[in-house]
Structure formats: C-alpha cells, structure tokens
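Visitor: I've got a few things to ask about this one. Could you walk me through them?

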Amino acid sequence: YLAFSGGVDSMVLLDILMSKRADVTLFTVDHNTPFCPTEIAFCKKTANFYGIPYEVAKLPPLPEKVSKEGWWSEKRNKLFKQLPGKVYTAHHLDDAIEWYAMSTMQGQSKIICPINENIYRPLLATSKEKIVEYARIKGITHLSDPTNADITFNLRNKVRKLLVPHIRECFPGIAKTVRKKVLAKLEELKRCEAVS
C-alpha cells in the first residue's frame with residue numbers, strides 16, 4: 001500500500017515504486033476537509049492511469065476541542081496498521097525536522113521513526129527540495145493542498161512557516177543533524193531485525 005494524497009511527495013514515491021514494478025495499491029484517507037473531494041478525484045484518476053487498485057477510508061467527523069493534527073495522525077496510523085502488508089508513506093526530511101522542532105519545544109526531542117510496525121517511510125532522509133526537483137525533472141503532475149500554506153489550519157503549518165526558517169538560519173546544520181538521527185534509527189531497527 002502507498003498512503004496517497006496526490007501531493008508531490010506521494011506522487012514521487014509512486015513514480016519510484018512503479019519504476020521498480022512494485023505491486024502497489026493506492027490508499028487515500030478522507031479527512032472530511034473541503035479539499036478532499038478534489039484530492040480523491042485526482043487520486044482515483046492517477047490509479048486508473050496506472051491501472052492499479054485504489055482504496056479510500058473516510059475518517060469520522062473531527063471531535064470538538066481536540067488537536068486536529070494529533071487526532072488525524074492517530075486515526076491514520078490505526079488505519080494503516082490494520083492493512084494487510086506494508087504501508088509506505090512519503091514523509092521526508094523536512095517533515096522530520098518539523099517534528100523534531102515541535103517535540104523539542106514541547107519538552108522531549110523526537111525523531112519520526114523510519115519503520116513503525118508495518119509503516120515504512122523510505123523518503124525520510126530525503127529533503128523536500130530533492131523531491132520537488134525529482135518531480136520537476138520527471139514532469140510529474142501533482143496536487144497542491146491550499147491548507148498546507150495556511151498557518152491558522154494547524155500547529156504543524158505554523159512551525160513549518162514561522163519557526164523552521166529561523167531554526168535553519170540560526171542552526172544551518174539542523175537538516176544534517178536530523179538526517180543522521182534518522183539514519184541511526186534505521187540502522188538500529190535493522191540490527192534489531194537481524195537479531196530477532
């Protein structure tokens with residue numbers, strides 16, 4: 001399965017998987033936002049173009065007074081872990097930097113895990129810049145969700161737009177630091193898998 005939104009990250013990962021002739025099913029999570037019908041239509045069209053299966057799972061309405069991002073993340077991961085087989089997501093290095101910054105500000109630095117049970121994040125050590133460049137070179141069409149630029153939409157967008165640029169300015173090596181942590185975690189997971 002490929003967790004698929006039609007955005008540049010998941011489109012690039014789809015292109016990579018298709019180039020390897022992987023047996024892929026696209027899996028979209030409907031978050032009940034105004035943009036979701038556009039996203040689902042694009043994803044279905046993409047699946048039809050490649051001649052591959054496509055599934056959609058609709059989340060229940062968002063409860064009041066909960067963290068939108070946290071609640072959605074929990075529900076998505078629960079769905080992914082119920083799927084039979086591996087689930088690939090297109091999280092990348094910039095996502096890892098944002099999560100590292102957010103978790104540090106909340107008192108405990110955390111790294112997004114490259115493998116979590118059946119969830120695999122193969123692009124986690126790859127920068128967004130490289131992903132966008134890959135898409136440009138290959139001429140990959142993709143969606144742009146307008147909520148990603150809206151700092152009032154969720155905390156993640158605020159961190160991405162307002163905090164991370166200043167962190168990068170003050171600590172130019174932050175990407176290298178987080179990438180090393182991601183790769184170290186991946187090596188640790190591989191050693192544990194080899195032992196078991």
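Visitor: Which residue does the side chain of aspartate 15 meet in a salt bridge?
Guide: Keep in mind that this is a predicted model. Side chains of opposite charge can pair when their charged atoms come close. Here the N to O distance is 2.7 Å, and the cut-off for a salt bridge is 4 Å. The partner of aspartate 15 is lysine 138.

Visitor: Which helix gives the largest share of the lining of the second largest pocket?
Guide: That pocket holds about 240 Å³ of space, and Asp15 and Lys138 are both among its lining residues. Helix H1 (8-19) and helix H2 (36-50) each supply at least two residues of the lining. The largest share, 5 residues, comes from H2.

Visitor: And by class, how many residues of that lining are nonpolar?
Guide: The lining includes Met11, Leu14, Phe42 and Ile140. Set aside 3 polar and 3 charged residues, and the nonpolar count is 6.

Visitor: What about H4 and H6: are they roughly parallel or roughly perpendicular?
Guide: Helix H4 (residues 93-105) and helix H6 (residues 155-170) have axes 10 Å apart and pack at about 95°. Angles of 65 to 115 degrees count as roughly perpendicular. So H4 lies, relative to H6, roughly perpendicular.

Visitor: How many residues of their contact are charged?
Guide: Asp94 and Glu98 of H4 take part, as do Arg156 and Arg160 of H6. With 10 nonpolar and no polar residues, the charged count is 6.

How values were computed:
Residues numbered from 1 in each chain as written. Predicted model: local features only at pLDDT ≥ 70, side-chain atom pairs only at ≥ 80, totals over all residues. Heavy atoms only, no water. 1 Å grid on protein atoms, 1.4 Å probe; cavity = no way out; pocket = protein on both sides within 12 Å on 5 of 7 lines; lining within 4 Å. Points joined across faces, edges and corners; volume = space filled by probe spheres on them. Helix = DSSP H or I, 4+ residues; strand = E, 2+ residues; numbered from the N terminus. Nonpolar A, V, L, I, M, F, W, Y, C, P; charged D, E, K, R; others polar. Axes fitted to C-alpha atoms, helices over the stretch in contact; angles between N-to-C directions. Parallel < 35°, antiparallel > 145°, perpendicular 65-115°, else oblique. Contact = heavy atoms within 4.5 Å.
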